[in-house]
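Please keep the sequence and the structure at hand while reading.

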Amino acid sequence: MAATSTDRGTDLAAGRIDDATTVGTVSLTVSDLARSRTFYERTIGLRATELEDGGLALGVAGERPLIELRGNSSAPRLNRRAPGLYHLAILVPTRLDLAQALARLAETRWPLDGASDHLVSEALYLSDPDGNGIEIYRDRPRAEWTRVGDQLQMSTLPLDLDNVVGELRAATELQLAAPSGTTIGHVHLQVADLHEAEAFYHGVLGFDVMVRGYPGALFVSAGGYHHHIGLNTWESKGGVPPAPGTTGLYHLAILYPTRADLGRALKTLIDRGIRLDGAADHGVSEALYLRDPDQNGVELYWDRPRDLWPRTPTGELAMYSRPLDLASLLAAAHAEDEPIPAHLSEGPKDLG
């Protein structure tokens, strides 16, 4: 099924999100932390680091975590027809890396749910032990993306797995770990109402609408990417959000390139009357926490420069959670002649 996209204007003052915005860490609630750790380490090839709260951070050694897991054996089971995570998408740097990911799945005998050629990318689909959807994909170079006028051409075609496996002829051994440069490329959500989801991710956060051509789905992005956030109602139209603490998505994270960009996002939330669940300074980053119309947790954050990250005397990261100075953050987005709202001028407060 073919689909098209349309690029919008580039006026940040009109509320468009900065082109350099990306997707950050995806946090999940799982029913069996040990079981999930084995899956993500052996089958996906991520390295696990234990967190102070008992959870796990999973990623490539020395790089920002891609996924965080919180274990809760009493969590209600994932309801695949409720709004929430459709899949998280792990982007690998090369086609050979995609072939290596496929080889890991074969080595651990983990089944595929599907495999597709989307013209702009090639993707493998599977589910974790709790049924959370996962996509592992590689992008074709942007120069190879086909456009007709200002329309980006995408589709869902069968992926030639034999051809992908053929890339392994260039490999000397099985790649047990995901390679450096692996990221969360996008997150795909199932939602109750596409119009409400668009009003939030496009109208409030400022992502560009890229694709409307798939029935029951919408794809939005920053910087002309094919999509950073996918939205669909294929199984969840009119659905009720799951109970708090249910297995599945805990929150997705959107990474802004600068503090001023995060400040502008805060100003927009204030102007729209959108309530925060919380706001925290983690030393390495500053973060705002809120919920989308389907009650999915959303983190908006920016990273401080790495040379400013707090560390222990031995060089380990010394992250913390302290109240975020919202007045200071908001000031970063204000022109010198534009006053800060009075309710924020007295110092840090929690809008939630």
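This is a predicted model: local features need pLDDT of at least 70, side-chain atom pairs count only at pLDDT 80 or more; totals for chains, interfaces and linings use all residues.

**Cavity, pocket and salt bridges**

The largest cavity is lined by Ile 44, Ile 90, Val 92, Ala 101, Arg 104, Ile 136, Ala 178, Pro 179 and Thr 182.

**The enclosed space**

- Rolling a probe the size of a water molecule over the atoms shows where empty space is left.
- The count of cavities of 30 Å³ or more comes to one, and the largest cavity has a volume of about 40 Å³.
- Its lining is made up of seven nonpolar residues, one polar residue and one charged residue.

- At least two lining residues come from each of strand S3 (47-50), strand S4 (56-59), strand S5 (67-71), strand S17 (248-256), strand S19 (285-291) and strand S20 (297-303).
- By residue class, the lining of the largest pocket comprises 18 nonpolar, eleven polar and 14 charged residues.

**Salt bridges**

- Side chains of opposite charge can pair when their charged atoms come close.
- The model has 19 salt bridges by the count used here, and one network of salt bridges links Arg 95, Asp 117, Glu 122, Arg 138, Arg 140 and Glu 167.
- Arg 16 and Asp 19 are joined through their side chains in a salt bridge with an N to O distance of 2.8 Å; Arg 16 counts as buried because its relative accessibility is 10%, under the 20% cut-off, whereas Asp 19, at 43%, counts as partly exposed.
- Within helix H1 (residues 33-43), Arg 37 and Glu 41 lie four residues apart, about one turn of the helix, and they form a salt bridge whose closest N and O atoms are 3.5 Å apart.
- Both partners of that pair are partly exposed, with a relative accessibility of 26% for Arg 37 and a relative accessible area of 29% for Glu 41.
- Glu 198 and Arg 212 form a salt bridge in which the closest N and O atoms are 2.7 Å apart; Glu 198 lies in helix H4 (residues 194-204) and Arg 212 in the loop between strand S14 (208-211) and strand S15 (217-221), so the pair ties together parts that are 14 residues apart in sequence.
- In this pair, Glu 198 counts as buried at 16% relative accessibility, while Arg 212 is exposed, with a relative accessible area of 51%.

Terms used. Residues are numbered from 1 along each chain as its sequence is written. Side-chain values use heavy atoms; hydrogens and water are left out. Ala, Val, Leu, Ile, Met, Phe, Trp, Tyr, Cys and Pro count as nonpolar, Asp, Glu, Lys and Arg as charged, and the others, Gly among them, as polar. On a 1 Å grid over the protein atoms alone, a cavity is a set of points where a 1.4 Å probe fits but cannot get out, and a pocket is an open set with protein on both sides within 12 Å along at least five of seven lines; lining residues have an atom within 4 Å of a point. Grid points are joined across faces, edges and corners, and a volume is the space filled by probe spheres set on the points. A salt bridge is a side-chain nitrogen of Lys or Arg within 4 Å of a carboxyl oxygen of Asp or Glu. Buried means under 20% relative accessible area, exposed over 50%, partly exposed in between (1.4 Å probe, protein chains only).
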